[in-house]
Amino acid sequence: MKVVLQRVLRASVTIRGEGSPRAVIGRGYLLLVGFEKGDSEADALSMATKIAKLRTFEDKEGKTNLSLSEVGGEVLSISQFTLAASLHRAGNRPSFSTALGADEAERLYHAFDERLGALLGLGVKEGIFGADMEVELMNDGPFTLLLDSRSLRGEEKR
């Protein structure tokens, strides 16, 4: 499981062709969430726990000591199939052979969002799994983290 976490001042997602935003947040996290073969519900739940506890917001001294819940932040979670892309083969077209199947990925995506929302005490806003979406954000910092469930388990990076 891979998550690109961007600390944002605001973010929104619009389903292509619908015109108006499906979800909008203020200060908080925009999460791009992708699953690969071998990822499990345990990965999704531990990733949610890690993100809920992250201290990425500045305190009065300017140090990143505050969590999302301590600053009253929000979360917008977007399913991101392309995080499973591999460019290790010859050629310039990404391979998605390591991506988890859509049905299982969708189940894990919703389990992740539900757990994260429960841990933070808020409703995680979402795009639509598998939809063609337009995402807008105002990055804060910029402050961007790449989280990988294999690293959280102590496994070697691929």
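Which side chain meets that of Lys2 in a salt bridge? The side chain of Glu36 does, with N and O atoms at 3.9 Å. The legends below describe this pair and other close-up views of a predicted model.

**Figure 1**
Read from the N terminus, the elements follow the order β-β-β-α-β-β-β-α-β-β-α. The radius of gyration is 16 Å, close to the 15 Å that the globule rule gives for 158 residues, so the chain is as compact as a globular protein of that length. Along the principal axes, the C-alpha atoms fill a box of roughly 50 × 40 × 30 Å. Of the 158 residues, 42% are buried. Taking contacts between residues at least 6 apart in sequence, 73% join residues at least 24 apart. The accessible surface comes to about 8700 Å², and carbon and sulfur atoms account for 49% of that surface.

**Figure 2. Lys2 and Glu36 form a salt bridge.**
The N to O distance in this pair is 3.9 Å. Lys2 belongs to strand 1 (residues 2-15), while Glu36 sits in the loop between strand 3 (28-34) and helix 1 (41-53), so the pair ties together parts that are 34 residues apart in sequence. Is Glu36 buried or exposed? Glu36 counts as buried because its relative accessibility is 3%, and the cut-off for buried is under 20%. The pair also belongs to a network of salt bridges that links Lys2, Glu36, Asp39 and Arg150. In the structure as a whole there are 10 salt bridges. The chain carries 21 positive and 23 negative side chains, and the centres of these two sets lie 4 Å apart.

**Figure 3. Arg16 forms salt bridges with Asp132 and with Glu134.**
The side chains of Arg16 and Asp132 meet at 3.3 Å, N to O. Arg16 lies in the loop between strand 1 and strand 2 (23-25), and Asp132 in the loop between strand 7 (125-126) and strand 8 (133-148), so this pair ties together parts that are 116 residues apart in sequence. Arg16 counts as partly exposed, at 47% relative accessibility. Asp132 is also partly exposed, with a relative accessibility of 47%. In the salt bridge between Arg16 and Glu134, the closest N and O atoms are 3.6 Å apart. This pair links distant parts of the chain, with Glu134 in strand 8 and Arg16 in its loop 118 residues away. Glu134 has a relative accessible area of 37% and is partly exposed.

**Figure 4. Gly73 is a buried loop residue.**
Gly73 is located in the loop between strand 5 (64-67) and strand 6 (74-79). Its relative accessible area is 6%, so Gly73 is buried. Which residues does Gly73 touch, leaving aside those up to four places away in sequence? They are Arg27, Gly28, Leu68 and Leu122. The C-alpha atoms of Gly73 and Arg27 are 5.3 Å apart in space, although the two residues are 46 apart in sequence.

**Figure 5. Ser12 is buried in strand 1.**
Ser12 has a relative accessible area of 12%, so this residue counts as buried. Apart from residues up to four places away in sequence, Ser12 touches Pro21, Ala23, Val24, Leu76, Glu134, Val135 and Glu136.

**Figure 6. Gly141 and Pro142 are joined by a cis peptide bond.**
The omega angle of this bond is about -5 degrees. Most peptide bonds are trans. Pro142 lies in strand 8.

**Figure 7. Phe129 is a partly exposed loop residue.**
Where does Phe129 lie? Phe129 is in the loop between strand 7 and strand 8. The relative accessible area of Phe129 is 24%, so this residue counts as partly exposed. Not counting residues up to four places away in sequence, Phe129 touches Ser79, Ala102, Ala105, Glu106 and Tyr109. Val24 lies 105 residues from Phe129 along the chain, and 16 Å separates their C-alpha atoms.

Note on methods: Residues are numbered from 1 along each chain as its sequence is written. This is a predicted model: local features need pLDDT of at least 70, side-chain atom pairs count only at pLDDT 80 or more; totals for chains, interfaces and linings use all residues. Side-chain values use heavy atoms; hydrogens and water are left out. Helices (H or I, at least four residues) and strands (E, at least two) are DSSP runs, numbered from the N terminus. The radius of gyration is taken over C-alpha atoms; the globule rule is 2.2 Å times the number of residues to the power 0.38. Buried means under 20% relative accessible area, exposed over 50%, partly exposed in between (1.4 Å probe, protein chains only). Contact means heavy atoms within 4.5 Å. Accessible areas come from the Shrake-Rupley method with a 1.4 Å probe; for residues, only the protein chains shown count as cover. Lys and Arg count as positive and Asp and Glu as negative; His and the chain ends are not counted. The place of a charge is taken as NZ of Lys, CZ of Arg, CG of Asp or CD of Glu. A salt bridge is a side-chain nitrogen of Lys or Arg within 4 Å of a carboxyl oxygen of Asp or Glu.
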